[in-house]
Amino acid sequence: MAKSVKVIGIQDSGIESLLPLYQSFIKNSTMLVGGERQLAFFPDYHSEKVIIKGGLKQVIEKMKDHDGDVVVLASGDPLFYGIGGYLADKLQAEIYPSLSSIQLAFSKMKEKWQDATFLSVHGRPLKGLAQKIDEKKLVAILTDEENTPSAIATYLQTFHMTEYEAFVGEDLGGKDEKVGFYTLDEMKNTAFHPLNVMILKQITPGPTWHLGIPDEEFSQRKPDKGLITKREIRVLSLANLRLKEDSIVWDIGTCTGSMAIEAQRIARNGEVFAIEKNEADIENCKLNMRKFRTDFTVVHGKAPDRLDEFKDPDAIFMGGTGGNLRDLISYCTGRLKKDGTIVINAVTIDNFTDAFSILKEAGFKVDVGLYQVSRSKPILHMTRFEALNPIYSITAVKEAEHE
């Protein structure tokens, strides 16, 4: 086992960005580990160099087997989307940070950053970014060679997020440093240095949607409007699903996507997977996704077909089953995580009684609500109430002993 492992942050300006103490650590080490770019700053290093390429597993084994003092070079602050936390856990490494690219970017922008939201698409897909950015005033994003500022600008415009101006800092601290402000249109058509950080700042108010989006705001099938989980039922169902910020959610029979959209706005750091058997409804769902700035997975199919493409869920909502109820519930209960929740809304006594029995047989903790909602409606100069269809709503929880 190495005598010591120190992870040292270094900027693109190289050795001059290091404190004298950090330089002495490197000078007295017997193994220097880092990416090709970081190691190139030390052409005259006297001992063994190890390049990090691909996974860290082999590199960690080399460090464990080394009988000496190891220094690992990392960009900026190793604990900010870096390898510092991982090496501290695996090798009890000591961490010595430098200024992060995010700090440098905000300093160039001359913007306070204590209230900013920090996201990374470095080595990650853009999918799901929309709901993480929406309504945020200031967002810093770490990019990569595929998810460039121009690619992100195109993505944001897909969700009509034009209230943002962007600041991009390129090669910060390096010889090719460049900074500037861009509209999304300008950024979309600009090529940037591969080492960059972008910051989105809201410069005009964007749309705001509260829990319980009005039904009429959703694109729906015409002329058969009304194939939507009504707002009052939707809010109750969302509460029963017990969603968290990082929940994985299935919406079976998504139709307009109203439940999936509101679920994704709650579980902004989670993922929603939706399935719908009617292709025309999927098009409406996608229109609604863009309008309400939610980026989730929606597929065409009849459940339980294609559910094997989804991640194991924390919560499942069934607003429409299309028959085959026993097979569908059986599949879903098998995939649901421990302490997960299934909410099934039924408009017929037949589906309600069948679903209730199946879930009880499966050993779930089951609660039932009968929701009867009436809405006010004008009649001449007066007001009356008009009833919506009553809904049988089943909430079933997968307790640990029944996993």
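Colleague: What makes F181, Y182, I199, L200, K201 and I203 contacts of E165?

Modeller: Contact means heavy atoms within 4.5 Å. Leaving aside neighbours within four places in sequence, E165 meets that criterion with F181, Y182, I199, L200, K201 and I203. The model is a predicted one, in which local features need pLDDT of at least 70 and side-chain atom pairs count only at pLDDT 80 or more, while totals for chains, interfaces and linings use all residues. Residues are numbered from 1 along each chain as its sequence is written, and side-chain values use heavy atoms, with hydrogens and water left out.

Colleague: Where is E165 placed, and how far apart are the C-alpha atoms of E165 and L184?

Modeller: E165 belongs to strand β8 (residues 164-170); helices (H or I, at least four residues) and strands (E, at least two) are DSSP runs, numbered from the N terminus. The C-alpha atoms of E165 and L184 are separated by 6.7 Å, although the two residues are 19 apart along the chain.

Colleague: Why is E165 called partly exposed?

Modeller: Buried means under 20% relative accessible area, exposed over 50%, and partly exposed in between (1.4 Å probe, protein chains only). E165 has a relative accessible area of 25%, and is therefore partly exposed.

Colleague: Why is T294 called buried?

Modeller: T294 has a relative accessible area of 0%, so this residue is buried. T294 lies in the loop between α11 (279-291) and β13. Not counting residues up to four places away in sequence, T294 touches Q131, F159, I261, Q264, R265 and M289.

Colleague: What makes the phi of Q92 and of R306 worth noting?

Modeller: Most residues other than glycine have a negative phi, and most peptide bonds are trans. Phi of Q92 is near 55 degrees, and phi of R306 is near 75 degrees; both values are positive in residues other than glycine. Q92 is found in the loop between α4 (84-91) and β5 (94-96), and its relative accessibility of 56% is why Q92 counts as exposed. R306 is in the loop between β13 and β14; its relative accessible area is 32%, so R306 is partly exposed. The loop between β13 (297-300) and β14 also holds P304, and the peptide bond from A303 to P304 is cis, with omega near 10 degrees.

Colleague: What makes a set of residues a nonpolar core?

Modeller: A nonpolar core is a set of buried Ala, Val, Leu, Ile, Met, Phe, Trp, Tyr and Cys residues joined through side-chain atoms within 4.5 Å. The largest has 28 residues, and I252, L307, C332 and L359 have the most contacts inside it. Among the elements giving two or more residues to this core are α12 (325-335), β15 (341-346) and α13 (349-361). Apart from it lies another core, of 23 residues, including F159, V168, Y182 and F192.

Colleague: How many helices and strands does the chain have, and what share of its residues is buried?

Modeller: The chain has 13 helices and 19 strands. Of its 403 residues, 48% count as buried. Among contacts between residues at least 6 apart in sequence, 65% join residues at least 24 apart. Along its principal axes, the C-alpha trace spans about 85 × 50 × 30 Å.
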